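Q: I have just opened this structure and would like to learn how to read it. Could you take me through it one feature at a time?

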Amino acid sequence: MSSTGRPATLRITEIFHSLQGETSRSGLPTVFVRLTGCPLRCSWCDTEYAFTGGTTRSLDEILAEVAGYQCPTVCVTGGEPLSQKNCQPLLTALCDAGHSVSLETSGALDIADVDPRVSRIVDLKAPGSGEEARNLLSNIPLLTPHDELKLVIASEADYEWARARIAEHHLTERCPVLLAPVQGQLKPADLAAWILRDRLPVRMQVQLHKIIWGNEPGR
Ligand code: SF4
């Protein structure tokens, strides 16, 4: 229930059961709750269909649908889930229900109030995204080993930028750091070669769900 006495609601693009395609949870059966809306416009965004539309659902309806999948692992994603004020109550309710919860967020909004049981997967936007100016650097000291920091890399210039930020902020000492190539723009083999050449202690990832199913929404 919200402070107004009305049931808490969220705008939802989709809820679906799939394999986690990213992060250290890659490969795990996972229920995804995709919230509608994002204030950013990354050049390589692959979820533009979540910018608008969606349906308004009560918190209880969302929890019931998630429970129906009988899957312990849940990922709240978007869009930018934190742009909806009821995202925080949703995360807490999912944890209270016994789920292992991760949150995928752009890194542009404050993560301080996210339930500490949630694993926060926070982007750091490289210049090729067109959204570098939106990085909220005050989030970086809040990261713990329970969280992960993700940099999506579109070019060698993005990689060198990422390498400099990793060194500058000692990022790999805070939490696991993920580097991912933009599909269709940067060859995974090139990114792998640079990481190995530089002995960069990061985890490279390619999106497992796209290898299996392509770019279909709901996967
Ligand atoms: S933050 Fe995520 S959803 Fe928003 S534009 Fe960037 S990639 Fe797309």
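A: Gladly! This is a predicted model.

Q: Where is H170, and what is its phi?
A: H170 belongs to the loop between α3 (156-168) and α4 (171-174). Its phi is positive, about 50°, although H170 is not a glycine. H170 counts as exposed because it has 9 C-beta neighbours inside 10 Å.

Q: Which peptide bond is cis?
A: The general idea here is that most peptide bonds are trans. In this model, the bond from G78 to G79 is cis, and its omega is near 15°. You will find G79 in the loop between β4 (73-77) and α2 (87-96).

Q: Which residues does UniProt list for "binding site"?
A: An unreviewed UniProt entry lists W44, C45, D46 and G79 under that name. They span 36 residues in sequence, but no two of their C-alpha atoms are more than 13.1 Å apart, so they gather at one spot. The unreviewed entry also lists T47 for "binding site".

Q: Where are W44, C45 and T47?
A: W44 is in the loop between β2 and β3, C45 lies in the loop between β2 and β3, and T47 is found in the loop between β2 (29-35) and β3 (55-58). C45 is partly exposed, with 17 other C-beta atoms within 10 Å, and T47, with 17 C-beta neighbours inside 10 Å, counts as partly exposed. Setting aside residues up to four places away in sequence, W44 touches S129, V152, A154, V182 and Q185.

Q: How do the strands pair?
A: Strand β1 (residues 9-19) pairs with β2 in the antiparallel sense over seven bridges; H17, for example, has V31 in β2 as its bridge partner. β1 also pairs with β3 in the antiparallel sense, over four bridges, and L10 has R57 as its partner in β3. β4 and β5 run parallel and are joined by four bridges, with S100 in β5 as the bridge partner of T73. β5 (residues 100-105) is mostly covered, with five of its six residues buried.

Q: Which residues have the most contacts inside the largest nonpolar core?
A: A core is read by asking which residues in it touch one another. The largest nonpolar core has 40 residues, and V33, V74, V76, L91 and I153 have the most contacts inside it. Apart from it lies another core, of five residues, including C38, C42, A50 and A108. Beyond its neighbours within four places in sequence, V76 is in contact with V33, L35, P81, C87, L90, L91, V101 and L103.

Notes
Residues numbered from 1 in each chain as written. Predicted model: local features only at pLDDT ≥ 70, side-chain atom pairs only at ≥ 80, totals over all residues. Core = buried A, V, L, I, M, F, W, Y, C linked by C-beta atoms within 7 Å. Buried ≥ 20, exposed ≤ 12 C-beta atoms within 10 Å, placed from the backbone. Contact = placed C-beta atoms within 7 Å. Helix = DSSP H or I, 4+ residues; strand = E, 2+ residues; numbered from the N terminus. UniProt positions renumbered as here; feature names shortened; annotations may be inferred. Pairing = 2+ DSSP bridges.
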